[in-house]
Amino acid sequence: MLWRRGNPWTIWRSKMTVHIGAKDGEIAQTVLMPGDPYRAKWAAETFLQDARLVNETRGMLGFTGTWNGNPVTIQGSGMGMPSLSIYANELIRDYGAKTLIRIGSCGGMQPYVGIRDVVLAMTASTLSTPSRGIFKELNFAPCADWGLLSAAAEAAEAKGVTTHIGGIYSSDVFYDERPDLNEQMTRHGILGVEMEAAELYNLAARHSVRALAVLTVSDHLLTGEALPSEERERSFGDMVEIALHSAFA
Ligand code: HPA
């Protein structure tokens with residue numbers, strides 16, 4: 001928003017960015033990022049105290065409240081790395097976010113990874129990301145922040161949630177036409193597939209902030225199983241709590 005204050009020739013700019021309408025001070029340094037804006041609303045209403053809507057530009061809802069007295073924002077990222085990259089860039093560069101934790105779903109890629117299990121993404125392999133343009137021939141290895149990862153592992157163990165820690169695959173497509181590539185992923189121990197974490201990790205590395213992806217297995221590429229919609233909320237709740245514990249450990 002542009003507005004005039006004092007000297008009529010001085011134009012001040014509030015903190016609104018192109019895609020986030022929150023004002024200065026309305027975004028916490030710790031941001032949880034679900035892909036789905038309605039999951040942001042549900043998580044804020046369920047886990048935060050005094051949550052208030054701080055962004056609704058393009059319907060990509062963001063809420064800020066507190067958890068155990070700590071300020072937290074839960075901001076939707078949209079689906080896929082180009083969308084996440086817009087929100088994460090603006091959160092880090094314009095609003096000063098320092099800890100960004102993706103909370104989302106993934107498709108299981110190992111026989112021992114079950115529906116409802118939690119996956120903590122230590123690394124995120126990918127065919128391409130929005131950062132490819134700057135990495136060019138370099139195969140950069142996007143990885144999680146160790147402090148967040150180890151704290152999330154402890155929180156998951158304390159909750160008794162079946163948890164897997166290792167590499168995931170951040171794909172550009174949900175409707176994948178490369179079964180051969182998925183086979184190679186499974187063969188190389190990749191735990192699950194989603195569509196955002198690799199670029200979040202790239203951006204965190206570039207801007208020296210902390211990032212982690214905490215994922216719930218919602219479907220399985222090997223078995224074709226899928227989490228029934230009525231069970232999604234409870235399973236996703238574990239993931240939100242693990243993310244919050246890890247941010248403030
Ligand atoms: N592919 C990509 N992203 C996903 C999937 C999947 O099977 N499941 C949940 N997120």
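A residue counts as buried when its relative accessible area is under 20%, as exposed when over 50%, and as partly exposed in between, using a 1.4 Å probe and protein chains only. With that in hand, here is a quick tour of a predicted model, in which local features need pLDDT of at least 70, side-chain atom pairs count only at pLDDT 80 or more, and totals for chains, interfaces and linings use all residues. Residues are numbered from 1 along each chain as its sequence is written, and side-chain values use heavy atoms, leaving out hydrogens and water.

**Helix α6**
- Helices (H or I, at least four residues) and strands (E, at least two) are DSSP runs numbered from the N terminus.
- Helix α6 spans residues 197-207 and is mostly covered, with eight of its 11 residues buried.
- The buried residues of α6 are A197, A198, E199, L200, Y201, N202, L203 and A204.
- Just after α6 comes S208, with a positive phi of about 55 degrees.

**The largest pocket**
- A pocket here is an open set of points on a 1 Å grid over the protein atoms alone, with protein on both sides within 12 Å along at least five of seven lines; lining residues have an atom within 4 Å of a point.
- Grid points are joined across faces, edges and corners, and a volume is the space filled by probe spheres set on the points; for the largest pocket this is about 650 Å³.
- Its lining has 23 residues, and S105, F174, V193, M195 and D219 lie nearest the centre of the pocket.
- β7 (99-108), β10 (192-194) and β11 (210-220) each supply at least two lining residues, and β7 has the largest share with five.

**The ligand**
- Polar contacts are pairs of N or O atoms within 3.5 Å. A ligand nitrogen atom is 2.8 Å from an N or O atom in the side chain of D219, and a ligand nitrogen atom is 3.3 Å from a polar backbone atom of G107.
- The protein covers 89% of the 260 Å² of accessible area that the ligand has on its own, by the Shrake-Rupley method with a 1.4 Å probe.

**The second largest pocket**
- The second largest pocket has a volume of about 300 Å³.
- Its lining counts 15 residues, with T126, L127, L138, N139 and F140 nearest the centre.
- β8 (118-126) and α3 (132-135) give two or more residues to this lining, and β8 has the largest share with three.

How values were computed: On a 1 Å grid over the protein atoms alone, a cavity is a set of points where a 1.4 Å probe fits but cannot get out, and a pocket is an open set with protein on both sides within 12 Å along at least five of seven lines; lining residues have an atom within 4 Å of a point. A polar contact is a pair of N or O atoms within 3.5 Å; within protein, one must be able to donate a hydrogen and the other to accept it, and residues adjacent in sequence count only if both atoms are side-chain atoms.
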